[in-house]
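Welcome! Please take a moment to look over the sequence and the 3D view, and then we can walk through them together.

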Amino acid sequence: MQRRDIHRLAGLGALAGLAAPALPRAQGKRSLAFVVNVSADFWTIARRGIEKANREHPDFEMEMIIPAQASAAEQRRILDELLARKVAGVAISAINPASQTEALNRVAAQSVLFTTDSDAPASNRMVYIGTDNVAAGRRAGAQMKQAMPGGGRAMLFVGTMDADNARERVQGIREALQGGNIEIVDIRTDESDFARARRNAEDALARERNLGMMVGLWAYNTPQIYQAVREAGRQGQVKVVGFDEDALTLRGVADGTIHSTVVQQPYEFGYQSMKGLVRVLGGDRGWIPGSKQVIVDTKVIDRTNVGEFQSYMRQVLRSG
């Protein structure tokens with residue numbers, strides 16, 4: 001990700017206020033689609049943000065679309081369907097940006113295209129709204145050093161290294177660990193298969209008796225690690241650092257099995273993406289920075305603040 005000219009969002013409502021050539025409107029409500037990469041609780045939080053945006057703009061129909069399979073081919077099929085429906089705007093978390101450029105550019109040629117969560121900078125997307133994943137990786141790396149100050153062997157777990165967010169998080173982690181005493185011995189991928197993610201964690205614990213740390217890079221990875229570590233009776237022996245705010249992840253932070261988790265703001269991904277699409281369709285592109293990146297900050301959740309954060313999450317999920 002580019003390091004300059006990045007507009008940061010600290011809270012809700014940063015994209016409110018509207019005005020650039022509006023796209024032609026079909027009969028009835030115009031449709032906006034938010035296409036995710038995998039079925040996960042992470043996206044339930046984003047859905048609440050979409051629902052809020054839709055309440056504020058009832059003249060639009062806003063929907064979240066979850067692929068039946070976590071694959072670029074399935075996302076391509078979804079995008080083709082959306083174009084056939086003449087959807088006015090799309091925000092998408094691209095599973096494999098390098099292979100999806102042509103499909104994304106078809107969308108950008110016929111409607112407004114944003115990316116979120118995982119960027120596709122080589123495409124003609126108008127803006128990326130989401131995490132600076134290199135910075136988030138550095139944050140996770142700092143937590144790894146804090147959790148295992150004496151150093152040791154660490155393993156990373158993620159759905160696929162084809163996604164920009166995975167590659168950038170690993171880059172940030174390596175930058176944070178450079179010159180230190182923590183060694184990344186492997187990166188295990190699971191192609192967004194939860195059962196395989198669990199097997200990867202169990203296999204790592206069985207084969208790597210000197211493993212000192214496990215790091216989950218996607219929302220569902222850390223819960224699988226948490227359960228595997230507890231079933232193996234390795235709590236305290238194997239440190240865990242994660243990403244995102246799955247309920248099991250937060251439980252693990254609260255009970256001490258997980259040192260900490262770097263949480264994004266998926267609520268903002270949904271809310272700000274829909275608000276931004278509405279703005280562009282209303283004629284206003286002036287809010288888009290030159291970098292074409294609107295960065296939503298992350299925060300670290302550990303035992304000092306997990307209770308407060310769990311209360312916040314319950315409130316967010318009840319809001320739907």
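How many aromatic pairs does a search of the whole structure find? The search finds eight aromatic pairs. Before we visit some of them, please keep in mind that this is a predicted model.

## Aromatic pairs

Let us begin with Phe-194 and Tyr-220. Their ring centres are 4.5 Å apart and their planes meet at 20°, so this pair counts as stacked. The two residues bring together distant parts of the chain, 26 residues apart: Phe-194 belongs to helix H6, while Tyr-220 sits in the loop between strand S9 (211-216) and H7.

Another pair is formed by Phe-309 and Tyr-312. Here the ring centres are 5.7 Å apart and the planes are at 40°, so the pair is tilted. Both residues are found in helix H10 (residues 306-318), three residues apart, which is about one turn of the helix. Phe-309 is buried, with 8% relative accessibility, whereas Tyr-312 is partly exposed, with 39%. Elsewhere, ring pairs join Phe-34, Phe-42, Trp-43 and Phe-269 into a cluster.

## Charges over rings

Some rings have a charged neighbour over the face. Lys-52 lies over the face of Tyr-271, 4.8 Å from the centre of the ring. Likewise, the charged end of Arg-169 is placed over the ring of Phe-243, at 4.6 Å from its centre.

## Salt bridges

The count of salt bridges comes to 19. One of them joins Arg-77 to Glu-81, with the closest N and O atoms 2.7 Å apart. Both partners are in helix H2 (residues 72-84), four residues apart, or about one turn of the helix. Arg-77 is partly exposed at 38% relative accessibility, and Glu-81 is partly exposed as well, at 43%.

The side chains of Arg-198 and Glu-231 also form a salt bridge, at 2.7 Å from N to O. This one links distant parts of the chain, 33 residues apart, with Arg-198 in helix H6 (residues 194-207) and Glu-231 in helix H7 (residues 221-231). Is Arg-198 buried or exposed? Arg-198 is buried, because its relative accessible area of 17% is under the 20% cut-off. Glu-231, in turn, is exposed, with 60%. A further salt bridge brings Arg-279 and Asp-284 together at 2.6 Å, N to O. Arg-279 is buried at 10% relative accessibility, and Asp-284 is buried at 13%. There is also a network of salt bridges, which links Asp-186, Arg-188, Asp-203 and Arg-207.

In soluble globular proteins, nonpolar side chains tend to be buried together. Here, the largest nonpolar core has 56 residues, and those with the most contacts inside it are Leu-32, Phe-34, Trp-43, Phe-114, Met-214 and Met-274. Which helix gives the most to this core? Helix H9 (residues 266-281) does, with eight residues.

Leaving aside residues up to four places away in sequence, Phe-34 touches a set of residues including Trp-43, Ala-46, Ile-50, Ile-65, Ala-91, Phe-269 and Met-274. A second, separate core of 25 residues includes Met-144, Ile-173, Ile-182 and Phe-243.

## A buried loop residue

Now find Ala-163, in the loop between strand S7 (152-158) and helix H5 (164-177). Ala-163 is buried, with a relative accessible area of 1%. Which residues does Ala-163 touch, not counting those up to four places away in sequence? Its contacts are Ala-94, Ile-95, Pro-97, Ser-118 and Trp-218. The C-alpha atoms of Ala-163 and Asp-119 are separated by 8.2 Å, although the two residues are 44 residues apart along the chain.

## The annotated domain

Finally, let us turn to the record. In an unreviewed entry, UniProt lists residues 34-283 as "domain: Periplasmic binding protein". Over this range the chain is 49% helix and 20% strand, and the C-alpha atoms at its ends are 20 Å apart.

Notes:
Residues are numbered from 1 along each chain as its sequence is written. This is a predicted model: local features need pLDDT of at least 70, side-chain atom pairs count only at pLDDT 80 or more; totals for chains, interfaces and linings use all residues. Side-chain values use heavy atoms; hydrogens and water are left out. UniProt positions are given in the numbering used here, feature names are shortened, and annotations may be inferred rather than shown by experiment. A salt bridge is a side-chain nitrogen of Lys or Arg within 4 Å of a carboxyl oxygen of Asp or Glu. Buried means under 20% relative accessible area, exposed over 50%, partly exposed in between (1.4 Å probe, protein chains only). Rings of Phe, Tyr and Trp (its six-membered ring) pair if their centres lie within 6.5 Å; planes under 30 degrees apart count as stacked, over 60 as edge-to-face and the rest as tilted. A charge sits over a ring if NZ of Lys or CZ of Arg is within 6 Å of the ring centre and within 35 degrees of the ring normal. A nonpolar core is a set of buried Ala, Val, Leu, Ile, Met, Phe, Trp, Tyr and Cys residues joined through side-chain atoms within 4.5 Å. Contact means heavy atoms within 4.5 Å.
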